[in-house]
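Let's take a walk through this model together. Have the coordinates open as you read, and follow along from one site to the next.

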Amino acid sequence: MPDSSYRYVFSLSLLMVASLLALLLAVAVGSVPVSLAELWALFSGRGLPLHQELVFGLRAPRALAAFATGGLLSLAGALMQVLLRNPLADPYVLGISGGAAVGALLSMLLGLGTAMVSGSAFTGAFISTLLVFGLAQGQGSWTPTRLLLTGVVVAAGWGALITFMLTLGSAQQLPGMLYWLMGDLSYARSPWLAWLVLILALLLTLPLGRSLNVLARGPLQAAALGVAVKPLAWCVYGLASLLTAAAVTTAGSIGFVGLIVPHMLRLVLGNDQRMILPASVLAGGALLTVADTVARTIIAPQQLPVGVITALIGVPVFLFLLYRSR
Amino acid sequence: MTLRGMLMVSGLLLAVMARSESCVDDDTGRTVCLTAPAQAIVALSPGATEILFSAGAGEQLVAAVNFSDYPPAAKKLPRVGTFKRLDLEAIVALQPDLVVAWGSGNPAEQVERLMSMGLPVYVSEPRKFEDVASNLERLGALAGTSSVATGAANAFRAGVAALQERYAKAAPVTVFYQVWEEPLMTVSDAHLISEAMQICGGVNVFGGLSALAPHISREAVLEKNPQVIVAGGMGEDNPQWLEPWKQFSSLQAVQKDNLFFIAPSSLQRPTPMMLTGTRTLCRHLETARARQ
């Protein structure tokens, strides 16, 4: 179908350009003005040492972390929504962020350094994933409902543990713990793990698009059409978990992006996973990068949590698309 | 060695001495070295700002965080965000030669980012009266204002020692200190406020608890039945938190009307201001002793 492949290339190119513009905006704008000419000088290896520190030391790592986190969360959200056949599914619904938070808080209680905190957050997410996987297997056949219920209950368990650990934390540890839970790019850690996972996951999901389209119609239909439902479902679950774990380890549980970006794209582009998955990565990354740039500059030197801005941009756009689509 | 050689060596020695590198250990045990007295200091907590002013380094402060309101000159300093969400870019742009961070208040990731960018970061975390004095001295050494700082530190120590001596033989008074109303919170002996009580001859009824600022129930306070209740409050002149206690006439503190308010800024910030707050506390405990 030449028409649909034209649309495919056009939409993705547009999103790619938007992503690049978002990243450019993020390195160009900040509390200290750096003009485009000065930015150009920096990229060609000249420029003031101060600007070098600002752009390469502060803005670029944060922008990269924001983009990767946004991309990871949107892709994870899109996968979860297909997997669970539930429009309310987001990357955190199955308790992965809860497991990560318990890991991170535990290592903070033990007084370990920031590198260990990230490591144990990732381990926590991994344990939670395995736990839900093991419990949702059960005796009978695979159903999205069973997975969803298992995940939601495990998440509630993690929530209780988090509250318990916050009570145990001393006054010195408490601020650090709350910062971790809040989820904010001000506290973002190194972006490389996130990028690695994002690129690997994208390469893995692209060939799955067609099968996912079938899975989205329900496990019975998918099985009738010759898709091996159970292996596919677990593969998608594993991928979404890995994506979420990488995102949470990088920047805490940033809400909203994973829920809303895939839905927005479906309203505009239609529900073809071959299109939605890569588009989610680009749109989610661009949205979070722009939102974070706004959050750190709009009332500088005061810094806002990025969630305020994602909601401020996302909610009206989403409601408009929903209203128009009927 | 020839005369010329000796001259050269002594010249080198002089040059090294003139550079006068000063090194101090911060409250986390990291060594912070400056080759010249700090001329552009950024303070990342209201408490650090206050200590720097007392150490005579107020002139060299170039920026502070929100709510840095004491001394009044601190209000005029440019801001670099709040203590829990720092504007790193604004800090780096000021090109400070010393950043004074708050160990348990600032986000660890942001402080580490500043360190990794090569800025000299001193982490301040006073937990005892002596820490306040030694922070004054160490920051004074880094800012090249040791004479003022040493004076301030010694005045602080002398003030504390005078109170200690005066109330050393005073009859012990049991005290409940209320940090917050909802939830009801107090302090344990690990906290500076409890040290202030001990200096005044007070005994913290919740001193033995393990958390630094434990949540407790009203029932626990009734059971401990302290002779004195001291409360901070929201704002500098707002003794509202004392009102709810008046309904419990079984409390010794209520019977003898030993309910006192102390402005939170004078007792809850680990700065030289603590001395003022401690003096007020001692006076209230003395009043309570007279009413026994």
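This is a predicted model: local features need pLDDT of at least 70, side-chain atom pairs count only at pLDDT 80 or more; totals for chains, interfaces and linings use all residues.

## A salt bridge between chains

Over all chains, a search of the whole structure finds 15 salt bridges.

## Two salt bridges within chain B

Turning to chain B, Arg269(B) and Asp69(B) bring their side chains together in a salt bridge, with 3.1 Å from N to O. This pair links distant parts of the chain, 200 residues apart. Arg269(B) is found in the loop between α10 (264-267) and α11 (274-290) of chain B, while Asp69(B) is found in the loop between β4 (61-63) and β5 (81-82) of chain B. Asp69(B) counts as partly exposed because its relative accessibility is 37%.

Glu181(B) and Arg218(B) make another salt bridge, at 2.9 Å from N to O. Here too the pair links distant parts of the chain, 37 residues apart: Glu181(B) belongs to the loop between β9 (173-178) and α7 (192-199) of chain B, and Arg218(B) to helix α8 (residues 218-224) of chain B. How do the two partners fare for burial? Glu181(B), at 16% relative accessibility, counts as buried, whereas Arg218(B), at 26%, counts as partly exposed.

## Packed helices in chain A

In chain A, have a look at helix α4 (residues 96-109) and helix α5 (residues 114-137), which pack at an angle of about 140° with their axes 7 Å apart. The crossing of α4(A) and α5(A) is right-handed. On the α4(A) side, the residues making the contact include Gly99(A), Ala100(A), Gly103(A) and Ala104(A); on the α5(A) side, they include Ser120(A), Ala121(A), Gly124(A) and Ala125(A). Taken together, the residues of this contact divide into eight nonpolar, seven polar and no charged.

A buried residue of chain A can be visited next. Thr150(A) lies in helix α6 (residues 144-168) of chain A, and it counts as buried because its relative accessibility is 15%. Leaving aside neighbours within four places in sequence, Thr150(A) is in contact with Val132(A), Leu135(A) and Ala136(A).

## A parallel sheet in chain B

Back in chain B, four strands form an open sheet in the order β4-β3-β7-β8, with parallel pairing. Strands β4 and β8 (121-124) of chain B stand at the edges with a single partner strand each, so one side of each has no neighbour in the sheet. On average, and with direction ignored, neighbouring strands of this sheet are turned by 30° against each other.

Strand β7 (residues 98-102) of chain B pairs with β8(B) in the parallel sense over four bridges. Within that pairing, the bridge partner of Ala101(B) in β8(B) is Val123(B). Helix α4 (residues 108-116) of chain B packs on the sheet, where it touches β7 and β8 of chain B and makes about 150° with the direction of β8(B). Helix α5 (residues 129-143) of chain B lies across β3 (41-43), β7 and β8 of chain B, and runs at about 165° to β8(B).

Methods:
Residues are numbered from 1 along each chain as its sequence is written. Chains are lettered from A and ligands numbered from 1 in the order in which they are written. Side-chain values use heavy atoms; hydrogens and water are left out. A salt bridge is a side-chain nitrogen of Lys or Arg within 4 Å of a carboxyl oxygen of Asp or Glu. Helices (H or I, at least four residues) and strands (E, at least two) are DSSP runs, numbered from the N terminus. Buried means under 20% relative accessible area, exposed over 50%, partly exposed in between (1.4 Å probe, protein chains only). Axes are lines fitted to C-alpha atoms, for helices over the stretch in contact, and angles run from 0 to 180 degrees between N-to-C directions. A crossing is left-handed if the near helix is turned anticlockwise from the far one by less than a right angle, and right-handed if clockwise. Contact means heavy atoms within 4.5 Å. Ala, Val, Leu, Ile, Met, Phe, Trp, Tyr, Cys and Pro count as nonpolar, Asp, Glu, Lys and Arg as charged, and the others, Gly among them, as polar. Two strands pair if DSSP finds at least two bridges between them.
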